[in-house]
Amino acid sequence: MPPGTAAPATAVLPVRRFDLAATLGSGQVFHWRTGHGGFVGLIDRTPVFLRQAAAGQLEVTPGAEGVASEYLALDHDLDAIVASFPADDTALARAVAYAPGLRLIRQPAWECLATFITSSLKQVPHISRISHTLRERHGDPVPLGEHVLWTYPSADAVARAGEEALRRCGLGYRAGFLASTARLVADGALDLSFLTDPAVSDDDALARLTAAPGVGPKIASCVLLFAGQRLGFFPIDVWIERTLRERYFPRRRKFPPGFLARFARRHFGPYRGYAQQFLFHHARTAGATAAG
DNA sequence: TCACAGGGGTAGT
DNA sequence: ACTACCCCTGTG
């Protein structure tokens with residue numbers, strides 16, 4: 001963002017129990033850039049500037065209030081969700097207290113699936129760079145003030161780009177996976193509308209997603225949680241696995257396959273996806289593995 | 001400057 | 001259950 005440029009115009013949206021920086025910076029999305037004391041990016045194809053200078057006020061590009069409210073899940077009843085967590089869980093309570101206004105972003109389906117395919121065995125800054133490279137080389141430009149933003153390339157665009165071009169975006173072995181899955185989506189063989197279809201069960205949805213190349217249980221869970229808004233999915237990555245082991249089973253040595261997933265289902269309740277996000281964000285940004 | 005290890009997993013054996 | 005996989009970054 002060039003220095004000295006005028007701050008974008010904004011409308012003010014009253015918010016409660018919402019933390020913009022935590023929400024955008026908790027490893028759910030990877031394309032927002034900071035600037036003018038806020039964040040600049042695209043919500044699907046809508047260019048948006050977001051700023052939260054005061055706790056109860058979210059500044060949004062005029063006209064994008066509705067899109068932003070939906071994306072940032074301002075309708076989620078966080079009080080009720082947190083109240084459903086086990087009352088005697090101090091580790092979770094600490095993670096919630098660390099970022100009480102953290103929300104699960106309602107993500108566009110293809111963008112979410114593709115981004116998480118590119119995320120395997122990668123750290124956040126690298127995922128972010130891949131996302132930007134893909135956008136700039138294969139997405140469409142969208143102006144916002146004097147800035148140019150780039151949409152996430154459609155499944156069709158990714159499929160047309162092909163594996164070699166994707167590899168040149170720094171995807172490594174993920175290029176083949178992304179190209180193949182993009183082809184499935186572009187051809188209609190994988191219609192992602194099932195993600196939010198209440199007639200499709202969680203188990204069925206999981207099976208359909210994991211049938212796609214490069215999509216295993218972890219990435220599928222992320223997509224079902226974020227893009228599908230199925231709040232009972234609990235993605236288990238190395239951070240969460242470490243946290244669960246240390247916090248809840250400090251003495252146990254053996255963890256059979258599925259053990260922690262079953263524990264999460266039993267312990268954290270119907271909104272365990274939120275519990276996972278609180279624990280994950282706390283573990284990653286508060287150095288909680290040692291002392292938190 | 002340059003090995004080397006390891007990182008928000010998945011697929012094939 | 002075990003291992004390779006591409007690429008990048010941090011470390012010595």
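**Figure 1. Lys122, Tyr173 and Arg174 at DNA strand C.** In this predicted model, a polar side-chain atom of Lys122 lies 3.1 Å from a base oxygen of DNA strand C. An N or O atom in the side chain of Arg174 is 2.9 Å from a base oxygen of DNA strand C. Tyr173 approaches with its backbone: one of its backbone N or O atoms lies 2.7 Å from a sugar or linking oxygen of DNA strand C. The elements α6 (124–138) and α7 (155–171) give two or more residues to the surface near DNA strand C. Helices (H or I, at least four residues) and strands (E, at least two) are DSSP runs, numbered from the N terminus. This is a predicted model, in which local features need pLDDT of at least 70 and side-chain atom pairs count only at pLDDT 80 or more, while totals for chains, interfaces and linings use all residues. Residues are numbered from 1 along each chain as its sequence is written, chains are lettered from A and ligands numbered from 1 in the order in which they are written, and side-chain values use heavy atoms, with hydrogens and water left out.

**Figure 2. The protein surface around DNA strand C.** The residues surrounding DNA strand C are Lys122, His126, Arg129, Arg167, Gly170, Gly172, Tyr173, Arg174 and Pro257. A residue is near a molecule or strand if one of its heavy atoms lies within 4 Å of it. By class, two of these residues are nonpolar, three polar and four charged. Ala, Val, Leu, Ile, Met, Phe, Trp, Tyr, Cys and Pro count as nonpolar, Asp, Glu, Lys and Arg as charged, and the others, Gly among them, as polar. Sugar or phosphate accounts for 67% of the atoms of DNA strand C within 4 Å of the protein, and bases for the rest.

Figure 3. Arg174 belongs to helix α8 (residues 174–187). The residue is buried yet has no salt bridge, and Glu163, the nearest side chain of opposite charge, is 11 Å away. Buried means under 20% relative accessible area, exposed over 50%, and partly exposed in between (1.4 Å probe, protein chains only). For charge, Lys and Arg count as positive and Asp and Glu as negative; His and the chain ends are not counted. A salt bridge is a side-chain nitrogen of Lys or Arg within 4 Å of a carboxyl oxygen of Asp or Glu. A polar atom of the Arg174 side chain lies 2.8 Å from the backbone oxygen of Ser120, and the side chain of Arg174 also reaches the backbone oxygen of Leu171 at 3.0 Å. Not counting residues up to four places away in sequence, Arg174 touches Ile117, Thr118, Ser120, Leu121 and Lys122; contact means heavy atoms within 4.5 Å.

**Figure 4. Backbone atoms facing the phosphates of DNA strand B.** Of the 22 residues around DNA strand B, Gly27, Tyr173, Gly214, Gly216 and Ile219 come nearest. A polar backbone atom of Gly216 is 2.8 Å from a phosphate oxygen of DNA strand B. For Val215, a polar backbone atom is 3.3 Å from a phosphate oxygen of DNA strand B, and for Lys218 a backbone N or O atom lies 3.4 Å from one. The largest share of the surface near DNA strand B, three residues, comes from α10.

**Figure 5. Ser26 in a loop.** Ser26 is found in the loop between α1 (20–24) and β2 (33–35). At 0% relative accessibility, Ser26 counts as buried. The side chain of Ser26 makes a polar contact with the side chain of Gln28 at 3.1 Å. A polar contact is a pair of N or O atoms within 3.5 Å; within protein, one must be able to donate a hydrogen and the other to accept it, and residues adjacent in sequence count only if both atoms are side-chain atoms. A polar atom of the Ser26 side chain also lies 3.2 Å from the backbone oxygen of Thr23.

**Figure 6. The salt bridge of Glu136 and Arg33.** Glu136 forms a salt bridge with Arg33, with the closest N and O atoms 3.8 Å apart. Glu136 lies in helix α6 and Arg33 in strand β2, so the pair ties together parts that are 103 residues apart in sequence. Glu136 is partly exposed, with a relative accessible area of 43%, and Arg33 is partly exposed at 44%.
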